[in-house]
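Subject: Structure handover

Hi,

Here is the structure I promised to pass on to you. Have a look at it first, and my notes follow below.

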Amino acid sequence: MNGDPLRAVFFDVDGVLLDSLPQHLRYCALKAGDYGLVLRIPDIEDFREAISRGLRVSPMLHFFLAVGFPLRFAKRGVADYEREFVLRCPPAPFPGIEAMLQRLADAGLALGLVTSNTRANVAPALGPTMTVFDPGLVFFFEHGSPDRDKPWCLNEGARRLDAAPASCVYVGDQPADRAAAAAAGVRFLGVRYGWGLPHADPAFVAVDSVAAIADALLAGQPP
């Protein structure tokens, strides 16, 4: 366990705050139909297992490729996704998200977002819950913006707080999130209810429910 007092918690969004994997697979099925593609869209559990083994699924171009879209249709799908995903396949927050975030905020922790999704998809889905996050600590993937990966965003968030990276934690649900936290020098807390950490792994701390996120971080011995 790290001895630095915890100052900030950064969250991935899809699979951590939003229950969005079924909607993403559904959206891929709809787009395959729109484009006249004959694809076998994987079921949720098979896809989670593949993600846990390292299948890259973000940003969204890689999600389309992972389910079998040819590159030119995957690129076309990304443009459509940014315009219409939240309208055609709106995801919902996991139950208990608002209360969990408020517990952390009430404990004096700064809260931020580091996601490969877009603001246009995330903000409507989270709704009023967005107000709990520090506006200076939210990092989205925006088409046409500078290519800033998750480690950069985590380090930039710590810099804006004038905090050591080791005093921050990233809550994620994929092996890629764990790797991003390690690259940035921040702590990592995994969630096993999301997209791609279904199995116990002694190499890092992980929780099985939304409420357990705050329990783990406020227990006095965060990851």
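Is the crossing of H4 and H6 left-handed or right-handed? The crossing of these two helices is right-handed. Before going further, please keep in mind that this is a predicted model.

Here is the rest of that helix pair. Helix H4 covers residues 71-88 and helix H6 covers residues 119-126; their axes come within 9 Å and cross at roughly 15°. Because angles under 35 degrees count as roughly parallel, H4 is described as roughly parallel to H6. On the H4 side the contact involves Tyr81, Phe85 and Val86, and these meet Ala120, Asn121 and Pro124 of H6. By class, the contact of H4 with H6 holds 5 nonpolar residues, 1 polar residue and no charged ones.

The second pair is H1 and H2. Helix H1 (residues 21-35) packs against H2 at an angle of about 105°, and the axes are 11 Å apart. Since 65 to 115 degrees counts as roughly perpendicular, that is the term for H1 relative to H2. H1 brings Leu21, Pro22 and Leu25 to the contact, while H2 brings Ile44, Phe47 and Arg48. The contact of H1 with H2 has 5 nonpolar residues and 1 charged residue, with no polar ones.

Next, helix H7. This helix has 12 residues and spans 17 Å from its first C-alpha to its last, close to the 16 Å expected at 1.5 Å a residue. Its buried residues are Lys150, Pro151, Cys153, Leu154, Glu156, Gly157, Ala158 and Leu161. What covers the buried residues of H7? The cover includes strand E1 (8-11), strand E4 (110-114), strand E5 (138-139), E6 and helix H8 (175-184).

Two backbone details may interest you as well. Aspartate 162 sits in the loop between helix H7 (150-161) and strand E6 (168-172). This aspartate has a positive phi of about 55°, although it is not a glycine. Aspartate 162 is also exposed, with a relative accessible area of 69%.

The other detail is a cis peptide bond between serine 58 and proline 59, where omega is about -5°. Proline 59 belongs to the loop between helix H2 (44-52) and helix H3 (60-66).

Best wishes

How values were computed: Residues numbered from 1 in each chain as written. Predicted model: local features only at pLDDT ≥ 70, side-chain atom pairs only at ≥ 80, totals over all residues. Heavy atoms only, no water. Helix = DSSP H or I, 4+ residues; strand = E, 2+ residues; numbered from the N terminus. Buried < 20%, exposed > 50% of the residue type's maximum accessible area, 1.4 Å probe, protein only. Axes fitted to C-alpha atoms, helices over the stretch in contact; angles between N-to-C directions. Parallel < 35°, antiparallel > 145°, perpendicular 65-115°, else oblique. Left-handed = near helix turned anticlockwise from the far one by under 90°. Contact = heavy atoms within 4.5 Å. Nonpolar A, V, L, I, M, F, W, Y, C, P; charged D, E, K, R; others polar. Expected span 1.5 Å × (residues − 1).
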